[in-house]
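Here is a friendly briefing to read alongside the model.

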Amino acid sequence: VVEGLALLDLGVSPYSGAIFHETPLIIYLFHFLIEYAELVFMITDVLTAVALYLAIQDFNKVVFKKQKLLIELDKYAPDVAELIRTPMEMHYIPLKVALFYLLNPYTVMSCVAKSTCAINNTVIAFFILATIKGSAFLSAVFLALATYQSLYPLTLFAPALLYLLQRQFIPIKLKSKSFWLYTVQYAALYLCSLVVIVCLSFFLLNSWDFIPSVYGFILSVPDLTPNIGLFWYFFAEMFEHFSLFFVCVFQINVFFYTIPLAIKLKEHPVFFMFVQIAIISIFKSYPTVGDIALYMAFLPVWSHLYRFLRNIFILSCVLIVCSLLFPVLWHLWIYAGSANSNFYYAITLTFNIGQILLISDYFYAFLRREYYLTHGLHLTRQDGTEAMLVLK
Amino acid sequence: GGMLAAAVLLLLVAAGPGLVPVRAGRDALREELLLSPLPDGDVAATFQFRTRWDADLQRGAVSHYRLFPKALGRLVAALGVRELHLALTQGFWRTRVWGQPPLQAPAGAELWVWFQPTVTDVDKAWEELSNILSGIFCASLNFIDSTNTVTPTASFKPLGLANGTDHHLLRYAVLPREVVCTENLTPWKKLLPCGSKAGLAVLLKAERLFHSSYHSQAVHIRPICRDASCLAVSWELRQTLTVVFDTFSSGQGKKDWSLFKMFSRTLTDACPLASQSKVYVDISPKNKEKELLEVTPPPTSVHEAIVQGDKRTYAVYDLLSPSLFNTSRSLNVQLKWKRPQDSSDLPTPILHAQRYVSGYGLQTGEISTLIYNTHPYRAFPVILLETVPWYLRLYVHTLTIITKGKENKPSYIHYQPAQDRRRPHLLEMLIQLPANSVTKITIQFERALLKWTEYTPDPNHGFYVSSSVLSALVPSVIAMKDVDVEQSPLFTSLFPSSDGSSYFVRLYTEPLLVNLPTPDFSMPYNVICLTCTVVAVCYGSFYNLLTRTFHVEEPSRGGLAKRLANIIRKFRGVPPL
């Protein structure tokens, strides 16, 4: 960003080079705030934490209400008393979420490095807050802002829509007219705000240069600077012939989990949002640790799933060890010259596998709990002996 | 007048040659050789072969080529070239030790061309031109493409006639990795009217020329005024070759030299096609002491000139004068030092520069340029042109210029950032150098990771950054008088001066060698497999969770393994599974 501002001062478009890839709104924000950069990033982190706190507080109320409704409707099996959540245990969850975000070493690192990812996180946190509070307009505006910043939050349109439909008590049936009406309304709000923001950026810098620089850059992955993601080494070692094909495959990979997840998790849109944010953080073209900090902040919300998680110990060890080894192997490759890029790449692979298995573990635990809630905790087979649950 | 004065002149091309009928114009060849002993004991030899042709290559199809080589003539006419400068250099001119260079060129291959305003697609013409020149000179100039071509705005003004200087017609490229060898010298010699058979060109033997510390051969084509009234255009082709023999400083010989010792040949006659053929030997006395050196055989005349702010005396041997070859069939100019000269007194040139890269690790680095102005009381501006390849990402907000401890803001700065894989960085600045000062210019950069096919076969050798160019009008201590181009073309081209008080100098700094982080080149298949495995793990887990539902496990009778295990258990007396 500092480079972009310096280029602007020299009278050259910041997008004429290949260094600056942020949106024009960011450059104008920092034009005024560059002196107080550290303060700005601290404030954005605090804002994110506060937004998450308020959002989860509201969400807990919704969860409790829904649980009460389902108990009265007798949807739950008789022996699941220990799985029912009580207000007592849910009392401290919002605080834990805020603390998880603020005290996460990844967040601290992101703040110290003054990475603009913190601003992305703030916008997404406000989007989540607006969605959970039920304001479709604000939710659409924040989602448009988040999509404008980095393309991937587009996939969060689905969970937000599902949540808002649920809140309005509109059933999700393809033939229902009110469903389509609401969907079209929300989509229109979203698209209009996106168009307004893009046009505003055009008028700020008087050119459309920023579109290939920002979105073309995200989609076509030209810069291969090593990061914690999977893309960089893959495209560094790619045969030129297949480069376009694999870029398309990798980008589609981020977006195509949305529809299946929407079908499976249509009753639980907030969990869907969590899984979607995690998938974006793992598979986006230039991931940073700030993105990881955002979805990890949600883990206390699902702390009641702890008894169903299968591999949590190994996965936490993997994640901690890999985070510690990242800087070591980077130093060995770039500065000491005694390791080569394969070492760093291996840690990248392991770290990403750890994250993927963490998310799928939570997903498994969530689905399992839902099964137990409806079918009872103590399952018996036809002959009366204790049963095992398998996925078939 | 000097060339820079002529460059300001507006030429009405339409009026002149339109009235002159198209025919083979007069052409003239002048060959000159300048031998100058350098301060540290080495000898620099500069050859210049200048062909001037009174014809207009741009208009009308000229079909009869005599002295002007056809290959270059047709190139100029077909591609609409206004000026062409190509230099192939091996080695580096050590300005501190050798003094101001007569005609410096950067290490490697340098090509800069001004196109005519009638050329519509300059980039296409540039590409064709570099390919054709690569064929003519057997050099890999076809590697010149958009990633190493820039369009400087201030540094390279036209040296020939020009009306208007739209810098979009200029292209400049340097290939720092280019190696110069015999196969580049041979086609260069072939372009000479006498070849290497007669005249000064007999001295150009490859085995001696490349056994030197600096070798630079160049071709310069430009339009000039035909006469003082400047109503018509002539074309001038100058082929120059500068070589520095280092027999003394490398400890192989004494400071005395002779043509035979340097070139292992002597001059036998002048080129029959040449109208002038001269050898100049610099016999300027140092510290005002005459009789320090002796030149044999005695020269035909002595010429005095003020060159680069210094008064110099030259012994002239005119190969066309009949008296030269009276005594012997061959001319072997010899110079003997009568008294051993104390070599501690090396005069420092007024403007010199050095450049280096600093930093550690393979992530970031810093390029620093030091420019020295040793003039005791005059300050003058200098234009610095830096071309940095795109994979060293410059951060212009880290650019600092410090003179004498204080910040020095450039009065003109033109920065064009690089685009990945398309064009390099271009930084041009006009910096004022105060008298007797050192200016330090630093800029930080970050190293990019390239795709594995973009590395050279020896990636750990590093990547070259081409020399930066410093152009300045250096004020001279002694007033210089204007020299006519026709009278002594060597001096006007080697030591140009615009007015009597300053002379034009173009210096090049060292090329830099920078290492980039490398991926492992043996791994493409492995990387693809492993990364796709990770993606597949995600896909697999999610597919399972999304498409399958929980079921209570049905008791099964057990497979083969279970039955075998039960049989073994029965033997052991343990309850069955």
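Helices (H or I, at least four residues) and strands (E, at least two) are DSSP runs, numbered from the N terminus. The model is predicted, and local features need pLDDT of at least 70, side-chain atom pairs count only at pLDDT 80 or more, while totals for chains, interfaces and linings use all residues. Residues are numbered from 1 along each chain as its sequence is written, chains are lettered from A and ligands numbered from 1 in the order in which they are written, and side-chain values use heavy atoms, with hydrogens and water left out.

**Residues that meet across the sequence**

- Ser301(B) and Val316(B) are 15 residues apart in sequence, and their C-alpha atoms are 5.2 Å apart in space.
- Ser301(B) is partly exposed because its relative accessibility is 35%; buried means under 20% relative accessible area, exposed over 50%, and partly exposed in between (1.4 Å probe, protein chains only).
- In chain A, Ile280(A) sits in helix 15 (residues 269–283), and it counts as buried because its relative accessibility is 9%.
- A C-alpha separation of 9.7 Å lies between Ile280(A) and Asn253(A), which are 27 residues apart along the chain.

**A nonpolar patch on chain A**

- Val46(A), Val50(A), Leu54(A), Tyr92(A), Leu95(A), Leu99(A), Leu102(A) and Leu103(A) make a nonpolar surface patch of about 710 Å².
- Helix 3 (37–72) and helix 5 (93–103) of chain A are the elements that give two or more residues to this patch, and helix 5 provides the largest share, four residues.
- Patches are made of residues with over 30% relative accessible area and no salt bridge, with like charges joined within 9 Å and nonpolar side chains (Val, Leu, Ile, Met, Phe, Trp, Tyr) within 5 Å.
- Accessible areas come from the Shrake-Rupley method with a 1.4 Å probe, and for residues only the protein chains shown count as cover.
- Val46(A) belongs to helix 3 of chain A and is partly exposed, at 44% relative accessibility.

**Salt bridges**

- Over all chains, the whole structure has 21 salt bridges, each being a side-chain nitrogen of Lys or Arg within 4 Å of a carboxyl oxygen of Asp or Glu.
- One of them joins the side chains of Lys114(A) and Glu38(A), at 3.3 Å from N to O.
- This pair links distant parts of the chain, 76 residues apart: Lys114(A) is in the loop between helix 6 (105–112) and helix 7 (117–133) of chain A, and Glu38(A) is in helix 3 of chain A.
- Lys114(A) is partly exposed at 34% relative accessibility, and Glu38(A) is partly exposed with a relative accessible area of 47%.
- In chain B, the side chains of Arg222(B) and Glu236(B) meet at 2.6 Å, N to O.
- Arg222(B) lies in strand 7 (residues 214–225) and Glu236(B) in strand 8 (residues 233–245) of chain B, 14 residues apart, and both residues are buried.
- Arg222(B) and Glu236(B) also belong to a salt-bridge network with Arg50(B) and Arg238(B).
- Asp420(B) and Arg393(B) form another salt bridge, at 2.9 Å from N to O, and both are buried.
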